[in-house]
Amino acid sequence: MIPFVDLKAQYLSIKDEIDTAVIKALESTQFVLGSEVVALEEEFAHYCNADSGIAVNTGTSALHLALLAAGIGAGDEVITVPFTFVATVAAICYTGAKPVFVDIDPVSYTMDVTQIEAAITERTKAILPVHLYGQPADMEPILDIARRHGLVVIEDAAQAHRAEYKGQRVGSLGDIGCFSFYPGKNLGACGEGGMVVTSNPEYERKMRMLRDWGQERKYHHVFKGYNYRMDGIQGAILRVKLRHLDKWTEARRAHAARYDKPLANAGVKTPTAMPYSHHVYHVYAVRSQQRDTLQQKLQEKGIQTGIHYPIPVHLQPAYADLGYRAGAFPHSEAASKEVLSLPMYAELSADSQTQIINAVIAEYV
């Protein structure tokens with residue numbers, strides 16, 4: 001079996017470093033926040049070219065706090081895309097605001113910037129682009145529109161650690177950037193975790209309080225806050241992994257290039273890295289009109305795959321109350337029926353990739 005993601009291979013490659021960091025964290029007894037988390041915040045913010053990092057328990061919490069810090073609440077609208085993991089939209093709903101969708105660009109799978117201005121109303125307060133699959137959204141026009149309309153830009157960078165847009169790291173492009181450290185991410189914890197980065201000191205202050213019950217100092221609650229704190233052990237683990245992220249990213253990009261050439265004429269559509277993008281390939285998604293058959297055939301040959309994502313959010317039963325119907329966002333809907341994610345992780349061997357490539361080609365010969 002060739003796994004879709006091999007977390008054991010990653011762990012074994014840095015086992016001594018991880019084990020040492022975990023033992024040190026246990027011995028410190030700083031199990032919630034603490035010095036390891038503080039150090040991670042500083043290191044990751046610097047890595048993203050942002051002034052501050054606020055470590056939290058999940059990427060969803062990162063999005064929620066970012067929206068709250070920006071003053072998003074009941075009656076407001078936030079523009080985003082329906083072709084994303086549901087957390088992007090859930091976080092907007094948590095604030096009482098309404099998600100307003102625009103379709104994706106069919107080549108990049110990120111927000112179609114030409115549709116944004118038509119979606120803006122007097123209730124619009126923010127734009128929330130998603131750097132899907134590790135490819136940055138086209139941020140320059142998004143930021144231009146936001147400036148002209150007085151809107152906040154919050155980046156969903158949950159899949160885009162180390163990605164760049166025109167040479168600048170994602171997370172530092174908008175007003176606030178949000179990351180997930182779910183185990184399968186390019187930078188993943190051994191459990192749950194997330195981070196918000198910003199260079200706005202007022203946003204930073206508010207998010208630090210909100211993640212810790214709204215406390216300005218112990219037992220002095222300025223806001224009605226949340227228990228969104230990061231565990232100390234996860235902070236220690238992520239500090240180790242951050243040191244390897246550049247190497248892992250280049251391995252992913254090399255794997256993507258190895259997939260690209262033979263699959264380009266193999267009956268599937270390969271991903272397109274946009275000219276402005278330093279794509280980090282959290283997911284390597286090909287497209288096929290026979291996606292389900294292809295997935296089944298690969299599974300029969302011992303190759304695990306994934307679908308990111310089979311139902312766009314506007315067609316999920318949980319979000320039927322938003323009032324959208326099938327046909328509203330044709331590019332998102334088409335992608336959801338055709339995308340198939342092939343195995344992608346830094347430790348993926350050349351032999352395994354050859355098996356995967358040959359198996360895909362065999363279905364279209």
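Tutor: Let's start with a definition: a salt bridge is a side-chain nitrogen of Lys or Arg within 4 Å of a carboxyl oxygen of Asp or Glu. This is a predicted model, where local features need pLDDT of at least 70, side-chain atom pairs count only at pLDDT 80 or more, and totals for chains, interfaces and linings use all residues. Residues are numbered from 1 along each chain as its sequence is written, and side-chain values use heavy atoms, leaving out hydrogens and water.

Student: How many salt bridges does a search of the whole structure find?

Tutor: Side chains of opposite charge can pair when their charged atoms come close. Searching the whole structure for such pairs gives a total of 22 salt bridges.

Student: Is Asp-76 buried or exposed?

Tutor: Asp-76 pairs with Lys-125, their closest N and O atoms being 2.8 Å apart. The two lie 49 residues apart, with Asp-76 in the loop between α4 (59-69) and β2 (77-80) and Lys-125 in strand β4 (residues 124-127); helices (H or I, at least four residues) and strands (E, at least two) are DSSP runs, numbered from the N terminus. Buried means under 20% relative accessible area, exposed over 50%, and partly exposed in between (1.4 Å probe, protein chains only). Lys-125 is partly exposed at 35%, whereas Asp-76, at 9%, is buried.

Student: What separates Glu-202 and Arg-205 in helix α8?

Tutor: Glu-202 and Arg-205 form a salt bridge, with 3.7 Å between the closest N and O atoms. Glu-202 is partly exposed at 46%, and Arg-205 is partly exposed at 37%. Because they sit three residues apart in helix α8 (residues 201-210), their separation is about one helical turn.
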